[in-house]
Amino acid sequence: MKESAIKIENVEFNYGHLKVIDHVSLEIPKGISFGLLGSNGAGKTTSIRLMLGLLKPNKGNIFCLGREPSPANAVNTGYMPQLPSLYNELTVRQNIDFFAHIYGLKNAQQRRKRVDEIIQLVELMPKRDVSVVQLSGGMKQRVSLACAIVHQPPLLFLDEPTVGLDPELRVHFWEYFENLTAAGTTLVISSHTMDDAAHCRQLAFMREGKIIAQGTPAELRAAVGKPDASLEDAFLFFIRHGEVKSNVQ
Amino acid sequence: MFSNMFTIAQRTITQILRDPRTLVLIIIVPLVIASLFGVSIPDKMILNMTLPAMLATLILFFGFLLSGIAFLRERSLGTRERLMASPVSRIDILGGYLLGFLLFAILQTLILFFYSVYVLKVDFRGELWQIILFQILIGILAVSLGIFISAFARNEFQMVQFIPLIIVPQVFVCGLIFPVSQLPDYLQWLAKFLPLTYGIDGIRALMLEGKGLGDIGKEISVLVAYAGGLLILAGISLRRGHSA
């Protein structure tokens, strides 16, 4: 088994009296796409915030690339939030350049070259000097992805990255993601769509702050016991059977 | 060392410069308010007496409004969380926003001051640079106050509600309308804890009495302590692990 990119040990997190993450343990190998699947409110975004260090667990430990999340280690991570979270008045280039700078690309010439590369990668060259506010939703998502990967982080968190995208753009996004994992980047992707789940190398199904099942898509489908079971069937199967502790690996 | 701070400041400035409507409002609104104030007080002597206090109040008001709303917007758009997930420190974030917003607070301060002097023909004594420096200090306080208070608002509507709570009482109590010494004892006591009291006292000493910055050490110290304290509190509200 590959070395872990993320190790979560018995983590619990509460918002006030509300338990949002309930004793979650998880180990994500390096260089794969790992999907956190679950319905709205299952705890996917909170899990990502915990892994980024934006929230602190009430109990348990989290290690990203062997270290606890902190600003000093954040240079090794990229984050694409659920909302595009961009500076609307700034152009595509200015937004990406800003994130490139704060993630450590200080040399202006190198940064410019890298920003151009990434704009080309997300196919926004004709729009590079257009304000973000003037872009379509799909284009904003592409800028947001570019901001998250411009510094080439080994670990990338994508919170519902394909929400609101048309089918063609979703295919493009998954091509980007597969190229990233091929280059050794670990992707942690939250989603509630089974289309996304099918692209992930490994999955964890979440419900009410708990991981109810974990494994490869094939393993999860096989657990249903029907030859033609889909991932949706698998998800419903695990929900109906309550908490299936550990995983099907 | 402060590279990220300057990058954030530059980004904040660029954002406002690329928003022509906001930029025009930043320039025009102080002029409109100062003009209204000027024409509503036809007696030159009364205008000379009251305008310094009005300047201090407007600097506080505009700086608070600009920084408070802009900082809050960062949170509602999600850009602040994205920034908090990056390698930048809290000092970089606060310093960057402070520098960025301060530029526009200073711009508004200079517009108000020079408009008052050259258009409304308000007389003043004291050194020009010292007056401007003290006004910038009020601007720093205003920006710090806006950033700090924005931590308590969840949206722009709530932020606007803080104006009557934070700014208006200071207008009544800090000597803009009536001298603090003529207020009831409990309001005089309250005035001692409000930063605008020191802003108004300081600017009056400089503009009306011709004193220098060395003569208003107490006012400067209180404003610096207030601004510093508010920034520290704002920094605490920004800490990672508690951004929910």
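Me: Let's start with F173(A) and F177(A). How far apart are they in helix α5 of chain A?
Reply: They sit four residues apart in α5 (residues 167-182) of chain A, so about one helical turn separates them. Keep in mind that this is a predicted model.

Me: Switching to sheets. What is the strand order in the three-stranded one?
Reply: The order is β2-β1-β4, all in chain A. The sheet is open, and its pairing is antiparallel.

Me: Which strands stand at its edges, and why do they count as edges?
Reply: β2 (18-29) and β4 (59-64) of chain A do. Each has a single partner strand, so one side of each has no neighbour in the sheet. From one strand to the next, the twist averages 20°.

Me: What holds strands together in a sheet anyway?
Reply: Strands pair through backbone hydrogen bonds, either parallel or antiparallel.

Me: Back to β1 of chain A. How many bridges does β1 share with β2(A)?
Reply: Eight bridges, in the antiparallel sense. β1 covers residues 4-15 of chain A.

Me: And which residue in β2(A) stands opposite K7(A)?
Reply: That is E27(A).

Me: Which strands does helix α1 of chain A lie across?
Reply: It lies across β1, β2 and β4 of chain A. The helix covers residues 44-52 and runs at about 115° to β1(A).

Me: There's a six-stranded sheet too. What's the order there?
Reply: β5-β6-β7-β3-β8-β9, in chain A. This sheet is open as well, with mixed pairing. At the edges are β5 (77-80) and β9 (210-215) of chain A, each pairing on one side only. Ignoring direction, neighbouring strands are turned by 15° against each other on average.

Me: Do β3 and β8 of chain A pair in the parallel or antiparallel sense?
Reply: Parallel, over five bridges. β3 is residues 33-38 of chain A, and β8 is residues 202-207 of chain A. Across that pairing, G35(A) stands opposite L203(A).

Me: Which helix packs on that sheet?
Reply: α8 (residues 231-240) of chain A packs on it. α8 touches β3, β8 and β9 of chain A, and its direction makes about 45° with that of β8(A).

Me: Now helix pairs. What numbers describe two packed helices?
Reply: The angle between their axes, and the distance between the axes.

Me: OK, α2 and α3 of chain A. At roughly what angle do the axes cross?
Reply: At roughly 125°, and the axes come within 10 Å. α2 is residues 92-102 of chain A, and α3 is residues 108-121 of chain A. The two helices are therefore oblique to each other. α2(A) passes α3(A) in a right-handed crossing.

Me: Which residues make the contact?
Reply: On the α2(A) side they include V92(A), R93(A) and I96(A). On the α3(A) side they include R111(A), V115(A) and I119(A). The contact divides into six nonpolar, one polar and five charged residues.

Me: Let's move to chain B. How do α2 and α5 cross there?
Reply: Their axes cross at roughly 30° and come within 9 Å. α2 covers residues 20-40 of chain B, and α5 covers residues 90-118 of chain B. The crossing of α2(B) and α5(B) is right-handed.

Me: What meets what in that contact?
Reply: Among the α2(B) residues are L23(B), I26(B) and P30(B). Among those they meet in α5(B) are F104(B), L107(B) and Y115(B). By class there are eleven nonpolar, two polar and no charged residues.

Me: And α6 with α7 of chain B? How do those axes cross?
Reply: They cross at roughly 125° and come within 11 Å. α6(B) and α7(B) are therefore oblique to each other. α6(B) passes α7(B) in a right-handed crossing. L145(B), G146(B), I149(B) and S150(B) in α6(B) meet M159(B), F162(B), I166(B) and I167(B) in α7(B). That contact has six nonpolar, two polar and no charged residues.

Me: Last one. Which residues does T14(B) touch?
Reply: L90(A) and Q94(A), leaving aside residues up to four places away in sequence. T14(B) is in helix α1 (residues 3-17) of chain B.

How values were computed: Residues numbered from 1 in each chain as written. Chains lettered and ligands numbered in written order. Predicted model: local features only at pLDDT ≥ 70, side-chain atom pairs only at ≥ 80, totals over all residues. Heavy atoms only, no water. Pairing = 2+ DSSP bridges. Axes fitted to C-alpha atoms, helices over the stretch in contact; angles between N-to-C directions. Contact = heavy atoms within 4.5 Å. Parallel < 35°, antiparallel > 145°, perpendicular 65-115°, else oblique. Left-handed = near helix turned anticlockwise from the far one by under 90°. Nonpolar A, V, L, I, M, F, W, Y, C, P; charged D, E, K, R; others polar.
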